[in-house]
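This report describes the fold of one protein chain, from its overall dimensions to two individual residues. Please examine the sequence and the structure shown below before reading on.

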Amino acid sequence: MNIGFLASHRGSNMQAVLDAIREGVLRAHPAVLVCNNRNAEATLRAAQQNVPVDVLNSVTHPDPGALDEAILDALRRHECDLIVLAGFMKKLGPRVLSAFRGRIINIHPSLLPKHGGQGMYGQNVHRAVLAGGETVTGVSIHLVNEEYDQGRILAQAEVPVAPGDTVESLSARVLDCEHRFLVETLVRIESDEITL
């Protein structure tokens, strides 16, 4: 299974997958990182693991259609079987969505459908969970379609909200779960326990 990653910032979820591949926990090959931010830590993480990096964004391709085509070309050139959005902060274009339909997954820091949709990412999600007085949050891994966080949910893991949690403490606990749960879910996909 050749995995293509799309990331915008730290790429810590990608790193968790790269570690699992290196340790033999996940039978997969990291084919390419497509990043829209040339200064992202994710590009350094990928380079350290000899994963090819393509920086593609509105600077390299001002026309949205051309950018969509360039991303698709990178994923095809590296023969990706599965695409993992690991903190990718841009909406995918129609060409990529069509070519890889049912083969693009995203990890979201809440129990969808709660706290999903445009603008609901990172700290915004955790702030909403705490503002709602919720006692449980979690992680959702879902297929990606044309709408933010609307694709079929493949797997979810719960994370308790502790009394006195701050956005930062909750964020750290959910991120720790994301790292483990993404790897576990990819192992289940690779072994056909989860059908895409």
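The accessible surface of the protein chain amounts to about 9,400 Å², and carbon and sulfur atoms hold 50% of this surface. Such areas come from the Shrake-Rupley method with a 1.4 Å probe, and for residues only the protein chains shown count as cover. The model is predicted: local features need pLDDT of at least 70, side-chain atom pairs count only at pLDDT 80 or more, and totals for chains, interfaces and linings use all residues. Residues are numbered from 1 along each chain as its sequence is written, and side-chain values use heavy atoms, with hydrogens and water left out.

Of the 196 residues of the protein chain, 50% count as buried (buried means under 20% relative accessible area, exposed over 50%, partly exposed in between, with a 1.4 Å probe and protein chains only). A compact globule of 196 residues would have a radius of gyration near 16 Å, and the protein chain agrees with this at 16 Å. That radius is taken over C-alpha atoms, and the globule rule is 2.2 Å times the number of residues to the power 0.38. Along the principal axes, the C-alpha atoms fill a box of roughly 50 × 40 × 30 Å. Among the contacts with a separation of 6 or more, 66% join residues 24 or more positions apart; contact means heavy atoms within 4.5 Å.

The protein chain has six helices and seven strands, where helices (H or I, at least four residues) and strands (E, at least two) are DSSP runs numbered from the N terminus. An open sheet of seven strands has the order β3-β2-β1-β4-β5-β6-β7, with mixed pairing; two strands pair if DSSP finds at least two bridges between them. Strands β3 and β7 (153-160) stand at the edges with a single partner strand each, so one side of each is left without a neighbour in the sheet. On average, neighbouring strands of this sheet are turned by 20 degrees against each other, direction ignored. Helix α6 (residues 167-190) packs on the sheet and touches β1, β4 (82-85), β5 (104-108), β6 (136-143) and β7. The direction of α6 makes about 150 degrees with that of β7; axes are lines fitted to C-alpha atoms, for helices over the stretch in contact, and angles run from 0 to 180 degrees between N-to-C directions.

Strand β2 (residues 29-35) is largely enclosed by the rest of the structure, because six of its seven residues are buried.

| Strand paired with β2 | Sense | Bridges |
|---|---|---|
| β1 (residues 2-7) | parallel | six bridges |
| β3 (residues 53-55) | parallel | three bridges |

Val-34 stands opposite Asp-54 in β3.

Leaving aside neighbours within four places in sequence, Asn-13 is in contact with Ala-86, Ile-107, Leu-175, Glu-178, His-179 and Leu-182. Thr-43 lies in helix α2 and, at 10% relative accessibility, counts as buried. Not counting residues up to four places away in sequence, Thr-43 touches Leu-33, Cys-35, Asn-37, Arg-38, Val-53 and Val-55.
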